[in-house]
Amino acid sequence: MDGSDVDGGTALSRFCALARQLFAMPHAFVLLEEGGEYRLVAGSRGEEPDDDRILHDEVMRRRAARAVGVQEDGRTTAFRAAAPLMRADGGCAGVLALGDRGPRRWDARSSALLERLAADAAALWQREAESAATTARLHDQLAETRRELHELADHGAHARMLSRQMPWTADPNGSIREVDPRWLTLTGRTAEQILGEGWTSAVHPDDLPVIAAAWQRALSTGASTGVDARVRMQDGAYRWFNTRSAPRLGEDGSIYRWYGTIEDIHDRVMAEQALSESAAFTRNVLESTTDCVVVIDRDWRITYLNARASKFFRPFRAAAVGDAVWDRFAEFRKSDLAQRLKVAIGTGQPKRFEMHLSDPDIWLHIHACPVAEGLAIFFRNITKRIRDRERLVRLAHCDSLTGLANRTLFNQVLESAFAGRTERPVDVLMLDLDLFKEVNDTLGHPVGDAVLCAVAERFRSVTGEGDVLARLGGDEFAVIHWPDPAGGSAIALAHRLLACFAAPFPLEDTAIRLAASIGVASSVQAQGSANELFKSADIALYRAKEGGRGTIRVFDCPMAARVRDRQVMKYDLEAALSRDELRLVYQPLLDLKSGRITGAEALLRWHHPTRGEVLPADFVPLAEETGQIVAIGDWVVATACRDAVNWPGDATVAVNLSGVQLRDDLLPSRVLSALSRSGLAAERLELEITESILMSDSDGTMEKLHRLRRHGVRIALDDFGTGYSSLSYLRRFRFDKLKLDRCFVDDIGRSPQSDSIVRAACEMGRAFAMTMTAEGVQTPEQLEWLRAHGWSQAQGYLIARPLEADAFLRHMVAYNR
């Protein structure tokens with residue numbers, strides 16, 4: 001053994017020394033077991049044999065002292081003894097061991113004494129370990145406390161630097177003692193200049209009396225204070241600051257010191273001033289607007305009414321700022337108005353709608369705009385506009401002669417009824433008066449008009465309340481009828497309509513007898529479209545007219561053969577262009593001022609190899625259905641341009657465009673290409689479109705028309721007056737020509753209403769600097785009437801029927817000679 005000592009602590013070392021004395025051993029030491037290994041913590045162990053670990057493990061396992069000896073090289077026996085160091089929890093922490101090179105006597109008393117000594121050493125070791133742990137913990141806590149205090153101080157310093165508030169202190173008399181360095185930097189003053197009463201030199205002269213008075217009140221009363229004032233900055237500019245102060249009181253209640261802060265509020269003050277100015281400006285705007293304006297908060301209380309709103313409410317329900325909306329207008333609490341307003345304020349999305357009030361009987365246009373505070377409601381009285389609109393709609397949907405629905409309304413209702421045919425089948429009845437042409441020819445148009453009105457009145461008396469009775473034009477009537485399970489069938493209605501002609505129509509001492517033919521079709525048979533249903537009824541009417549007067553025919557399978565025939569015609573039409581079966585004829589346009597023919601409208605004709613001449617009304621819709629109208633339309637434009645380039649002077653050629661063509665984005669390029677190839681000047685080409693085309697994809701259509709017009713092509717609005725949107729389109733697009741539909745020309749001199757419409761249309765056209773053309777002129781009286789009332793052009797059989805290209809050129813030259 002080398003005798004080296006380890007001082008593991010004064011107490012344990014004393015135990016080792018005591019053990020050496022008691023047992024007269026040269027070596028006594030303490031070993032602690034840590035992770036399966038023994039660590040010497042006190043005493044000296046010398047040079048131990050390799051199997052000492054076996055002894056220590058056995059002592060710890062048995063929890064009892066043990067002594068052993070070993071023979072070394074057959075000469076010397078070494079002595080070793082050990083006892084366990086028992087912890088308070090019953091575990092074994094290590095051993096107290098003895099050792100000597102020579103043999104020793106050892107008995108039970110020796111083992112017991114060593115165990116007691118080991119037990120005392122273990123207890124002492126555990127107390128020292130706990131004490132050391134406590135000391136280490138206290139040291140750690142102290143270090144953590146110091147770190148936290150340092151962090152807190154550092155945090156406070158940074159927080160003050162980041163805060164907009166700059167601290168200051170003053171003595172009980174109000175003399176400034178300390179001030180934030182940032183304040184000195186901002187004002188460009190030194191501490192000596194600011195401390196004491198020097199701070200007053202930086203305050204704006206206008207604000208100094210206010211802040212001084214507030215400070216004196218605080219000093220005299222001991223109350224906290226706060227005041228805003230302007231302070232001069234280092235660059236000479238003034239900024240708004242807010243200063244606050246509060247006293248710190250001593251134990252006797254006297255002021256020990258004043259603490260305060262200074263905060264830059266300049267941006268806020270400027271923003272408030274701007275907001276105030278903006279609010280004043282907004283209020284002026286709201287007061288000057290033609291709308292009534294009401295602002296409500298999120299509690300549904302009125303926070304603002306402009307003068308117009310107050311005046312509006314005054315006659316029937318006085319309202320004022322502060323009123324609860326649903327208390328003042330309780331009848332609207334569960335109305336559609338309340339629901340719309342709640343949706344607007346709940347979603348933050350504006351709502352725009354029209355609303356009718358029954359008391360008083362007025363219409364309002366309401367625009368509810370969500371704002372941060374609640375809802376701004378703009379509204380105006382639009383009763384006159386609504387009444388005018390309703391009157392225009394009635395006029396647009398009513399036949400001016402009979403007061404029945406016109407074709408526009410009929411088509412709209414039919415489309416809607418056909419869409420709901422699966423839930424409720426619908427029938428269409430088409431009626432045509434027999435012998436009515438003879439009445440017009442023999443008795444004159446005024447009598448014919450009177451007859452039509454009388455017929456309409458009788459029809460009204462036999463149609464059901466839900467039926468839609470319409471005059472489609474001339475002597476053609478139609479009924480949309482919904483069959484009644486109780487017995488109101490379409491056939492029964494058809495017989496009631498025929499019965500209307502049993503008695504003559506007494507007019508001007510004349511008893512006029514008429515009859516009618518009726519065609520009936522049901523949505524059960526026409527599955528394709530509302531137009532197919534209408535055409536089926538028209539086919540049935542055609543068959544009824546073939547059968548003689550007073551005949552009713554119902555569309556059935558044999559009639560469907562005509563529909564199949566249309567399909568065959570579609571296939572033939574596809575080849576018509578390539579087989580040169582299509583041609584153009586030209587109907588002259590007469591200038592009413594000069595009396596000269598100044599152009600013509602190109603009309604398409606189809607000569608079928610077996611059917612002969614096919615009417616455009618029969619094949620043009622087929623071309624539109626199949627899409628062939630695009631290729632045919634290109635051919636029409638190109639051919640018309642090639643023919644017109646040979647016409648004398650500036651004679652124009654007009655070409656009709658279909659809706660399918662206008663949906664083609666390449667239409668402008670196709671037209672301009674045809675002009676370029678033919679050499680015809682763009683201003684000599686007129687493209688005619690109808691109102692019905694503009695009603696579909698109007699924005700896209702307008703863009704194409706604008707492009708063509710920019711290149712010089714003239715644009716004409718055809719069939720004017722048959723729709724109800726003309727005025728809106730005249731406002732959106734500058735048409736070069738307006739063509740009045742022939743139905744109005746037919747009624748010239750026979751219907752005061754029609755005469756008024758024709759005169760009004762002409763005046764409007766002149767106001768828009770448009771050429772005004774009347775179609776369908778057939779009598780000299782019509783022509784003279786149009787000339788007398790300022791119309792520009794006339795077109796119709798009276799001037800000339802459509803002519804082949806060569807014939808038209810000869811006719812124009814001869815006519816203008």
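Reader: Leaving aside its neighbours within four places in sequence, which residues is L685 in contact with?

Author: Taking contact to mean heavy atoms within 4.5 Å, L685 is in contact with C641, V653, V655, V671, L675, L680, V713 and R714. Please keep in mind that this is a predicted model, in which local features need pLDDT of at least 70 and side-chain atom pairs count only at pLDDT 80 or more, while totals for chains, interfaces and linings use all residues. Residues are numbered from 1 along each chain as its sequence is written, and side-chain values use heavy atoms, with hydrogens and water left out.

Reader: What makes a set of residues a nonpolar core, and how many residues does the largest one have?

Author: A nonpolar core is a set of buried Ala, Val, Leu, Ile, Met, Phe, Trp, Tyr and Cys residues joined through side-chain atoms within 4.5 Å, where buried means under 20% relative accessible area, exposed means over 50%, and partly exposed lies in between, with a 1.4 Å probe and protein chains only. The largest such core has 76 residues, and those with the most contacts inside it are L685 and W791. Helix α19 (residues 628-644) gives the most to this core, with nine residues. Another core, of 32 residues, lies apart from it, and L469, L493, L498 and L507 are among its members.

Reader: Why is T135 called partly exposed?

Author: The relative accessibility of T135 is 37%, so T135 counts as partly exposed. T135 has its place in helix α3 (residues 108-162), a helix being a DSSP run of H or I with at least four residues, as a strand is a run of E with at least two, both numbered from the N terminus.

Reader: What angle do α12 and α16 make where they pack?

Author: Helix α12 (residues 407-419) and helix α16 (residues 530-546) pack at about 115°, with their axes 9 Å apart; axes are lines fitted to C-alpha atoms, for helices over the stretch in contact, and angles run from 0 to 180 degrees between N-to-C directions. On the side of α12 the contact is made by R407, F410, L414, E415 and F418, and on the side of α16 by A530, L533 and F534.

Reader: How do you know which of these residues are nonpolar, polar or charged?

Author: Ala, Val, Leu, Ile, Met, Phe, Trp, Tyr, Cys and Pro count as nonpolar, Asp, Glu, Lys and Arg as charged, and the others, Gly among them, as polar. The residues of the contact of α12 with α16 therefore divide into six nonpolar, no polar and two charged.

Reader: Why are β12 and β13 called edge strands?

Author: Two strands pair if DSSP finds at least two bridges between them, and β12 (302-305) and β13 (351-357) each pair on one side only. They belong to an open sheet of five strands, in the order β12-β11-β15-β14-β13, with antiparallel pairing.

Reader: What makes β13 and β14 a pair?

Author: β13 and strand β14 (residues 362-371) pair in the antiparallel sense over seven bridges, which meets the requirement of at least two. In β14, the bridge partner of F353 is I366. Helix α10 (residues 336-347) packs on the sheet, touching β11, β13, β14 and β15, and its direction makes about 165° with that of β13.
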